[in-house]
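Subject: Structure for you to look at

Hi,

Here is the structure I promised to pass on. Have a look at it first, and then read on for what turned up.

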Amino acid sequence: MLSKNIGQYIELELSGNIQVVGILIEASSDIIVLYTGKVYRYIPLRHIKNFSFPIMDEEIEMGVDPEISETSFRKLLMNAKGMFVEILLAKTNPVYGYIVGIMNNYFVFYSPVFKTMFISMDHLKWLTVCDEEKGPYGLNKSEQLLQVSTLSWARTLEEQLKKLTNKLVVLNLGRHPMDIGKINHLQESIIEMVNAQGDTVFVNMRHVKSFHFPQ
């Protein structure tokens, strides 16, 4: 449907009450490309709640062509591997770094801040390619990628989390106290954890956007 609106100004609301506007550049069966006037955002269709095509007050000057031409979601991740990108998991949680591995339902991401992260594909709101020359926080890319965890990667996010049983894990960037704890058990998509107070808490795996562990 959206393919007939290429070149039009579009306003989107994404899940999580995220607003984004720009020019529709490309549209496929599972992802669209939007130009905001500054950057290209690659947005999975699954997260678009509603959209409209209002008349622009001002023209958006087109920039250079997108760095990634493929708009299939999985191929997008493959083509972005090793590039400096911004990913958005929730309204106020942009994370900067590099995609270093792509598995069945998640990808492995290296952030200079959070180190090795495991990101659910289902919760990626958008991906933006950043200035490769600057790099995140002005840090050297090669030196940063040498710090990627040597932990072997499982096929699925659930299997990967099970590998961290009895370890301290941070879910969803630790924005909620119940998202930080030692993993006791994972069964039928329910994570059993021990929090900072020593209490047992249970977290639904379907709401886990990401996890990482202190290194």
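How many residues does the hairpin use to join strand 2 to strand 3? The answer is 3. Before you go further, keep in mind that this is a predicted model.

Let's stay with those strands for a moment. Strand 2 and strand 3 (residues 31–35) run antiparallel, with 4 bridges joining them.

Now for the charged pairs. The structure holds 5 salt bridges, and I'll walk you through some of them.

One of them is between the side chains of Arg41 and Glu86, at 3.2 Å from N to O. This pair links distant parts of the chain: Arg41 sits in strand 4 (residues 40–44) and Glu86 in strand 6 (residues 84–88), 45 residues apart. Both Arg41 and Glu86 are buried.

Another is formed by Arg46 and Asp122, whose closest N and O atoms are 2.4 Å apart. Again the partners come from distant parts of the chain, 76 residues apart: Arg46 is in the loop between strand 4 and strand 5 (48–52), while Asp122 is in the loop between strand 9 and strand 10 (126–129). Asp122 has a relative accessible area of 44%, so it counts as partly exposed.

Then there is Arg155 with Glu159, where the closest N and O atoms of the salt bridge are 3.4 Å apart. Is Arg155 buried or exposed? It counts as exposed, because its relative accessibility is 55%. Glu159, at a relative accessible area of 30%, is partly exposed.

Last, something on the surface. Which residues form a nonpolar patch there? They are Val113, Tyr137 and Leu139, and together they have about 300 Å² of accessible area. You'll find Val113 in the loop between strand 8 (106–111) and strand 9 (115–120). With a relative accessible area of 48%, Val113 is partly exposed.

Happy browsing, and write back with any questions.

Cheers

How values were computed
Residues numbered from 1 in each chain as written. Predicted model: local features only at pLDDT ≥ 70, side-chain atom pairs only at ≥ 80, totals over all residues. Heavy atoms only, no water. Patch = residues over 30% accessible without salt bridge, like charges linked within 9 Å, V, L, I, M, F, W, Y side chains within 5 Å. Areas by Shrake-Rupley, 256 points an atom, 1.4 Å probe, with all protein chains shown as cover. Salt bridge = Lys/Arg side-chain N within 4 Å of Asp/Glu carboxyl O. Helix = DSSP H or I, 4+ residues; strand = E, 2+ residues; numbered from the N terminus. Buried < 20%, exposed > 50% of the residue type's maximum accessible area, 1.4 Å probe, protein only. Pairing = 2+ DSSP bridges.
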